[in-house]
Amino acid sequence: NFSLGLSNNYIPNSCLTCDKPFDKEDKQMVMNWNVVVREAEGKVRLYCPTCWEKATRFAKEVHDVGEKK
């Protein structure tokens, strides 16, 4: 059993964005998916690599546009 540093009870069962299932026992998934913990809000969000890449690319584009203004 691989540890994410959180109890498995708190880790969602699928990607927040695309709803792709997440297997907590799959080492590849555990190593490649992204978990975002918002302690103040008491929320744990899970993102598959595809959705994480799209989100980080979008954030970079928004940042780059802001820098040009």
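**Group meeting: aromatic pairs and the core around them**

Hi everyone, let's start with the rings: the count comes to two aromatic pairs, where rings of Phe, Tyr and Trp (its six-membered ring) pair if their centres lie within 6.5 Å, with planes under 30 degrees apart called stacked, over 60 edge-to-face and the rest tilted. One of them is Phe22 with Trp33, a tilted pair at 4.9 Å centre to centre and 45° between the planes. That pair links distant parts of the chain, since Phe22 sits in the segment before H1 and Trp33 in the loop between H1 and E1, eleven residues apart. Phe22 is buried at 7% relative accessible area, and Trp33 is buried too, at 8%. Tyr47 and Trp52 also form a tilted pair, 5.8 Å centre to centre with 50° between the planes. Here Tyr47 is buried at 16%, while Trp52 is partly exposed at 32%. For those words, buried means under 20% relative accessible area, exposed over 50%, and partly exposed in between, with a 1.4 Å probe and protein chains only.

A quick note on the model: it is predicted, so local features need pLDDT of at least 70 and side-chain atom pairs pLDDT 80 or more, while totals for chains, interfaces and linings use all residues. Residues are numbered from 1 along each chain as its sequence is written, and side-chain values use heavy atoms, leaving out hydrogens and water.

Now the layout. The chain reads α-β-β-α, with helices (H or I, at least four residues) and strands (E, at least two) taken as DSSP runs numbered from the N terminus. Strands E1 (residues 34–38) and E2 (residues 43–47) run antiparallel, joined by five bridges; strands pair if DSSP finds at least two bridges between them. They form a hairpin with four residues between them, and Gly42 in the turn has a positive phi of about 70°. Val35 has Leu46 as its bridge partner in E2.

So what is in the largest nonpolar core? Nine residues, among them Phe22, Trp33 and Leu46; such a core is a set of buried Ala, Val, Leu, Ile, Met, Phe, Trp, Tyr and Cys residues joined through side-chain atoms within 4.5 Å. Beyond its neighbours within four places in sequence, Trp33 is in contact (heavy atoms within 4.5 Å) with residues including Cys15, Phe22, Leu46 and Tyr47.

Last stop, Asp19, in the segment before helix H1 (27–32). Asp19 counts as exposed because its relative accessibility is 54%. Asp19 and Leu46 are 27 residues apart in sequence, yet 9.6 Å apart in space, C-alpha to C-alpha. Thanks, all!
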